[in-house]
Amino acid sequence: MFTEKELSEAQALVARHMAPTAAHDWPLLGQALGAEVIVKHENHAPTGAFKVRGGITFIDWLKRSHPEMRGIVTATRGNHGQSQARAAVAAGLEARIVVPHGNSTEKNAAMRAYGATLIEHGQDFDTARELAMEMAEKEPLFPVPPFHRELVRGVATYGYELFSRHPDLDVVYVPIGCGSGICGTIAARDALGAKARIVGVVSEHAQTARLSAEAGAPIETDSARTFADGMAVRVPVQAALDIYGPGTDHIGTVSEDEIAAAIRLYFTATHNLAEGAGAAALALALKEKDENAGRKVGLILSGGNIDTGWFRTVLAGQVPEP
């Protein structure tokens, strides 16, 4: 998807706006998995999630290629919207963000703090996305899709950082929403010639990516009701499926209970916050620990933006109601 030169240039651009995130080994996680474990801490990125990288590269591209645009419009469950608002407003552009009703109050507040105009519409991400694309047809606002080559080029820089420091990883677990994260990880692995198997993770209540990859064609689901809102997608993105379908070793599912348990383990073992999607990689790695015994395992902690109320619920041993 990208050459090493293209990713190196993206890394140089991203590095002007944020420091590389840490990739730590944690002995308590190693004990839990029976393996050497490297956690890529995208929860330490500005905005608290990996998406910030794609905002940097996308808005840089937009300013150069579409100088006539007044701003951007996009849909999100939170992390993508923070990324786009942060980069767009810093570049002097308007950022209009559509979220579904009932979206994370704390992610909504963060997007407004970055300067976004927030619009609530629909009951899930895919309905919000439809409105965002309609708005782009009526005003000089560029429609930012959930998946775009320039978004992925930026997101791939976390994989570039990870594989540059740990080229000997045997397997890397990555959560899947619309697909930019896992596609960026695959792209970085291939560009750098690493050999790690890439394993995708979805919620058992939002399985469109797994079903589509197994069918070799897009499979929509009726709902995507999971508290791991970064994975709450009903409709797959064909361009992403074309990459992660053949590029992953397999895609596994995790339950709401398993995601909550992984959030608790991240906190007790590392004292890091993980949102639902951020903990999903650990959740699946725990299910598959027998297969990875003695190996070097990478986990993408994709974000730490969990609402306070949900985190209290998880620490109490329960599962939040989405």
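Visitor: How many bridges join strand 8 to strand 9?
Guide: This is a predicted model, in which local features need pLDDT of at least 70, side-chain atom pairs count only at pLDDT 80 or more, and totals for chains, interfaces and linings use all residues. Residues are numbered from 1 along each chain as its sequence is written, and side-chain values use heavy atoms, with hydrogens and water left out. Helices (H or I, at least four residues) and strands (E, at least two) are DSSP runs, numbered from the N terminus. Strand 8 (residues 197-203) and strand 9 run parallel, and the number of bridges joining them is five.

Visitor: Which residues have the most contacts inside the largest nonpolar core?
Guide: In soluble globular proteins, nonpolar side chains tend to be buried together. A nonpolar core is a set of buried Ala, Val, Leu, Ile, Met, Phe, Trp, Tyr and Cys residues joined through side-chain atoms within 4.5 Å. The largest has 47 residues, and those with the most contacts inside it are Phe163, Val172, Ile182, Cys183 and Tyr244.

Visitor: Which helix gives the largest share of this core?
Guide: Elements that give two or more residues to this core include strand 3, helix 6, strand 7 and helix 10 (238-247). Domain 1 and domain 2 both give residues, so the core lies between them. The largest share, seven residues, comes from helix 7.

Visitor: What distance separates the centres of domain 1 and domain 2?
Guide: Domain bounds come from an automatic or database domain assignment. It gives domain 1 (4-50 + 149-316) and domain 2 (51-143). Contact means heavy atoms within 4.5 Å, and between the domains it takes 35 residues from domain 1 and 27 residues from domain 2. Taken over C-alpha atoms, the centres are separated by 22 Å.

Visitor: How far apart in sequence are the parts that Glu139 and Arg70 tie together?
Guide: A salt bridge is a side-chain nitrogen of Lys or Arg within 4 Å of a carboxyl oxygen of Asp or Glu. Glu139 and Arg70 form one, at 2.9 Å from N to O. Glu139 lies in the loop between helix 6 and strand 6 (141-144), Arg70 in the loop between helix 3 (52-65) and strand 3 (71-75). The pair therefore ties together parts whose separation in sequence is 69 residues.

Visitor: Is Arg129 buried or exposed?
Guide: Arg129 sits in helix 6 (residues 125-136) and forms a salt bridge with Asp126, the closest N and O atoms being 2.9 Å apart. Beyond residues up to four places away in sequence, Arg129 touches Ala75, Pro146, Val235 and Val237. Buried means under 20% relative accessible area, exposed over 50%, partly exposed in between (1.4 Å probe, protein chains only). At 17%, Arg129 is buried.

Visitor: What is the phi of His271 near?
Guide: Most residues other than glycine have a negative phi, and most peptide bonds are trans. His271 lies in the loop between helix 11 (256-270) and helix 12 (276-287). With a relative accessible area of 60%, His271 is exposed. Its phi is positive, near 55 degrees.

Technical notes:
Pairing = 2+ DSSP bridges.
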